[in-house]
Amino acid sequence: MSEQTAKVDDSLSPKKIIKKLKKGDLIKVERDKYLNSLESKASDEDFPEYIFQGPGEVLLIKGDYCQVRWRRPVPDVWIKSDHIVSYL
């Protein structure tokens, strides 16, 4: 009996999603991207400066949004992952 090995076609396999952020990462909000976004237009116009200075800690990631905790006595917030960058 001869066995044939099936070749796996890479074009049919699902593409790997590259995550740029993970739980526990320190981040800050990128000012230009956030101020030009739909989310900022729907929010108060007086943004706190600490979100742009950082660091905030990523607590949870769901879809395109990250739950961020700031090192201040303020509530945790959900921010679109496109608007945040790593805090260096």
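**Entry 1. Strands**

I started at E1: three bridges join E1 to strand E5 (residues 84-86), and the two run antiparallel. Strands here are DSSP runs of at least two residues (E), helices are runs of at least four (H or I), and both are numbered from the N terminus. I count two strands as paired if DSSP finds at least two bridges between them. Lys 28 has Val 85 in E5 as its bridge partner.

The model is predicted: local features need pLDDT of at least 70, side-chain atom pairs count only at pLDDT 80 or more, and totals for chains, interfaces and linings use all residues. Residues are numbered from 1 along each chain as its sequence is written, and side-chain values use heavy atoms, with hydrogens and water left out.

Next I looked at the other partner of E1. Strand E2 (residues 56-62) pairs with E1 (residues 26-29) in the antiparallel sense over two bridges. Leu 26 stands opposite Glu 57 in E2. I then followed E2 to E3, where six bridges hold an antiparallel pairing. Val 58 has Val 68 in E3 as its bridge partner. The E2-E3 hairpin has two residues between the strands, and Gly 63 takes a positive phi near 65° there.

**Entry 2. Chain overview**

I listed the elements: three helices and five strands. Their order from the N terminus is β-α-α-α-β-β-β-β. Of the 88 residues, 26% count as buried. Buried means under 20% relative accessible area, exposed means over 50%, and partly exposed is in between (1.4 Å probe, protein chains only).

I checked the largest nonpolar core, which has 14 residues. Such a core is a set of buried Ala, Val, Leu, Ile, Met, Phe, Trp, Tyr and Cys residues joined through side-chain atoms within 4.5 Å. Ile 27, Val 29, Trp 70 and Ile 84 have the most contacts inside this core. E1, H3 and E3 each give two or more residues to it.

I listed the contacts of Ile 27 (heavy atoms within 4.5 Å), leaving aside neighbours within four places in sequence; among them are Leu 21, Gly 54, Pro 55, Val 68, Trp 70 and Ile 84. The bond between Gly 54 and Pro 55 is a cis peptide, with omega about -5°. Pro 55 lies in the loop between H3 and E2.

**Entry 3. Gln 53**

I found Gln 53 in helix H3 (residues 50-53). Gln 53 is partly exposed, with a relative accessible area of 47%. Beyond its neighbours within four places in sequence, Gln 53 is in contact with Lys 28 and Tyr 87. Its C-alpha atom is 9.4 Å from that of Arg 31, 22 residues apart along the chain.

**Entry 4. Largest pocket**

I looked up the volume of the largest pocket: about 270 Å³. Of its 19 lining residues, Tyr 34, Ser 43, Ile 51, Val 77 and Ile 79 are the closest to its centre. Which element gives the largest share of the lining? E4 does, with four residues.

Note on methods. On a 1 Å grid over the protein atoms alone, a cavity is a set of points where a 1.4 Å probe fits but cannot get out, and a pocket is an open set with protein on both sides within 12 Å along at least five of seven lines; lining residues have an atom within 4 Å of a point. Grid points are joined across faces, edges and corners, and a volume is the space filled by probe spheres set on the points.
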